[in-house]
Amino acid sequence: MGFFIACQNVSRPGEATNKTMPSFGKKSQARLDTCHRDLQRLMQAVVEKYDISIICGYRSQEEQERAFLEGRSKARFGESKHNRWPSKAVDVVPWPFAVADWQDPTYFSHMAGYIKAVADQMGIQIRWGGDWNMDRRTNNETFLDMPHFELMD
């Protein structure tokens with residue numbers, strides 16, 4: 001399965017018109033629309049400077065149980081922030097993205113650092129699934145969910 005993001009031409013006075021600014025494709029935007037307003041604001045700010053794709057927002061009971069049974073989630077339905085409406089969790093991948101990138105924690109860590117910095121600037125408290133205990137390390141986690149970001153309660 002591929003993840004796609006569209007770019008639109010953006011020109012500013014005095015700049016060449018061949019510059020592009022990342023924006024969400026239709027699928028990413030539809031997934032983001034299922035998320036809490038703070039996650040929407042955050043990811044919209046991020047995509048302006050750092051190309052990302054949204055792979056999951058809200059998860060239905062069927063989707064959550066499938067994620068649990070496939071080992072992609074440690075939570076059953078009702079235990080995940082993806083199961084709230086609007087979703088208080090979002091799964092994001094850097095763009096461009098290839099299947100081999102799932103095995104590259106550095107690629108995700110770079111993206112996560114940028115997202116966390118933007119969230120801090122906006123006053124939005126989030127936790128990243130690569131650093132559940134929030135000690136800025138991934139090597140001491142028992143379950144890495146690198147695309148996952150969630151609002152703190």
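Biologist: How many of the residues of strand β3 (residues 52–56) are buried?
Modeller: This is a predicted model, in which local features need pLDDT of at least 70 and side-chain atom pairs count only at pLDDT 80 or more, while totals for chains, interfaces and linings use all residues. Residues are numbered from 1 along each chain as its sequence is written, and side-chain values use heavy atoms, with hydrogens and water left out. Buried means under 20% relative accessible area, exposed over 50%, and partly exposed in between (1.4 Å probe, protein chains only). Strand β3 is largely enclosed by the rest of the structure, because the buried count is 5 of the 5.

Biologist: In the open sheet, what is the order of the strands?
Modeller: The sheet has 4 strands with antiparallel pairing. Its edge strands, each pairing on one side only, are β3 and β5 (126–128). The twist from one strand to the next averages 35 degrees. The order is β3-β4-β6-β5.

Biologist: What angle does the direction of α4 make with that of β4?
Modeller: Helix α4 packs on the sheet and touches β3, β4, β5 and β6, where contact means heavy atoms within 4.5 Å. Axes are lines fitted to C-alpha atoms, for helices over the stretch in contact, and angles run from 0 to 180 degrees between N-to-C directions. The angle with β4 is about 125 degrees.

Biologist: Why is α2 called oblique to α4, and what is the hand of their crossing?
Modeller: The axes of α2 (residues 37–47) and α4 (residues 105–122) come within 10 Å and cross at roughly 120 degrees. That makes the pair oblique, because angles under 35 degrees count as roughly parallel, over 145 as roughly antiparallel, 65 to 115 as roughly perpendicular and the rest as oblique. A crossing is left-handed if the near helix is turned anticlockwise from the far one by less than a right angle, and right-handed if clockwise. The crossing of α2 and α4 is right-handed.

Biologist: Is His 110 buried or exposed?
Modeller: His 110 lies in helix α4, and its C-alpha atom is 9.1 Å from that of Pro 94, 16 residues apart along the chain. Its relative accessibility is 55%, so His 110 counts as exposed.

How values were computed. Helices (H or I, at least four residues) and strands (E, at least two) are DSSP runs, numbered from the N terminus. Two strands pair if DSSP finds at least two bridges between them.
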